[in-house]
Amino acid sequence: MINKIIYGYKNIITLIIFMSGFGNLSSQDKIKITKLPSPVNSSLQEVCCAISDDGKKLFFTRAEHPQNSTSGKTDDMTLLYPPELKSIIIKTRCGMTLEQFRQDAKKHNVPKIYCSSNVNQDIWTAQISDKDNYKIYHPGMPINTANNNSVCCVLRNNKVLLFGEYEAGSSRTIGFSTSYFDKNNNFTTPKNMKIDDYYLSQLRGMQRNGGSKKNAFITGPILLISEALNVSVGKEDIYVSFYISKNKSWSKPLNLGNIINTSYNENRPFLTADTKTLFFGSDRSGKYNIYFSKRLDETWKNWTKPKALPYPVNTSTSNDDYFYKCAENNTVYFCSDRDGSFDIYKFELPDKYLNKRNLKISVFDKQNNTPLKADIKILTNLGDTVKFSNEEKAEYIVAGNKNIRLNINSAGYIPLDSVINLSVTDNNDLLFYLQEKENIILKEIIFNAGSAVMVSDTKNEIIKLFKMLKASPTMTIQIEGHTNNIGNTEKLRKLSRQRAKTIKSILVEYGISPDRISTIGIGPDKPLYNNDEPEKRKLNQRVEINILTE
């Protein structure tokens, strides 16, 4: 029997919620690997794949293509000073100590370094049509420079996270930057990111390890970095950094600890939208394979033991890396050299790995239990918003959350706001009951004739209203002032407005937030009774409460 939660307000809509964590992986899982066709893959190497949220734009790095931004090879992993001092080259493997390196940089008044390597790599993009056709583009400046170039991940609002900082038309291996793009593959000048205590740590790590395959991934206020820093457990480790809004910078990178990081290389992190499950590459098995692990607490140090994705994603004879899942669906892109050189592949991640929950939302009339047509808006704690009607027979995918907030609206009914904590309930059948709109008339409130001053002994109704608002902290109301038709219409509207404001001011004095109360003066425009009869005319002078949200 299904347990039902009644949230207060039968057309049924099914909502699929991604929950953190994955089911048990098995080599028997039916996963079909598809190699992307030409023109995406070629006889050259294609790596560092990343897909836009809607699954329509693929970013990847292509090596040694004739159209790439530099035509010649350079010395093996060398660090260069800016162009005006390009004759000064310091090789990271020449035995120079970090102090010698820093002193030399200080001597030439150079705070930053540029990098070049023996592999010429540029960013390429592919526009994906509905029929899975690919049209590729090679962007030029400003994101492709004479050095190695790569998109680490795709952010919201047509924004990408780039490998390296950019300055004066060139890039370097220090840090990361961001750039916006449009539908015509035009990119804005990259903006460098500020990461606390990162630059020097990276220099020391490069000195110790002779460079690295660093990468990064951002979801919301969380930045994951894979890098050979000076505090790394092995060569390349994965770190987490958090956005500091007041400084518009990122915190000092925190090592994820020795459950994730080993004496081998761990790189190319991908974090699910609920920030609970990490995918990453590691060569701990001798070849690079893709692993995943679930975060157990907020320290970012405690994780489940990493497991490798099953065959045919990982094989024992190939390097498989660069996992990147599309936000819109279950399609995963990754890179592998199983056919001799690195190419881009994709597969559909089975639902069971995502532990989807099917929430059924039913909306009823509170009085007679009849089903209602309703417009539903879902706001997740990640800032995502999904809107739909429960007339639609469709599934909606929202990233896993501890909380979701639903706003339910139906014509003629009081809207309902409800917060559901998914971490404390296993119930999937959610019932909401809406109250039909019906203004509350404050019958006992009396004002002095022609005045907005209340008769002193008529405040009991306001006290009742205060208690109602106090008991329902999310309720918002509109106070409507009404009059009869004796007098100038505009003056009557003004008087009714002043009377509504009088009641609001008393409620605010009692402690109700003014943001929860709006006022309107309707004057004689909406009489309840015929104004020709004196006794009935008195009843038209009234105050009504319209409940806007419950």
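Mentor: Contact means heavy atoms within 4.5 Å. The model is predicted: local features need pLDDT of at least 70 and side-chain atom pairs 80 or more, while totals for chains, interfaces and linings use all residues. Residues are numbered from 1 along each chain as its sequence is written, and side-chain values use heavy atoms, without hydrogens or water.

Trainee: Which elements do the buried residues of helix 4 pack against?

Mentor: They pack against helix 3 (460-471), strand 35 (476-482), strand 36 (517-523) and strand 37 (542-549). Helices (H or I, at least four residues) and strands (E, at least two) are DSSP runs, numbered from the N terminus.

Trainee: What makes the length of helix 4 agree with expectation?

Mentor: Helix 4 covers residues 489-509, 21 residues in total.

Trainee: Which residues of helix 4 are called buried?

Mentor: Leu492, Leu495, Ser496, Arg499, Ala500, Thr502, Ile503, Ile506 and Leu507. Buried means under 20% relative accessible area, exposed over 50%, partly exposed in between (1.4 Å probe, protein chains only).

Trainee: How do you know where they lie around the axis of helix 4?

Mentor: Their arc, taken from axis-to-C-beta directions, is only 145°, which puts them on the same side of helix 4. Glu490, Lys491 and Glu509 are exposed on the other side.

Trainee: What makes strand 20 and strand 23 edge strands?

Mentor: The open sheet runs 20-21-22-23, with antiparallel pairing. Strand 20 (266-271) and strand 23 (307-308) each have a single partner strand, so one side of each lacks a neighbour in the sheet.

Trainee: Why are strand 21 and strand 22 called a pair?

Mentor: Pairing takes at least two DSSP bridges. Strand 21 (residues 277-282) and strand 22 (residues 289-294) have six, in the antiparallel sense. One example: phenylalanine 280 has tyrosine 291 in strand 22 as its bridge partner.

Trainee: And strand 4 with strand 5, how many bridges?

Mentor: Four, joining strand 4 to strand 5 (residues 57-63), and they run antiparallel. Valine 47 is bridged to threonine 61 in strand 5.

Conventions. The expected span of a helix is 1.5 Å times one less than its number of residues.
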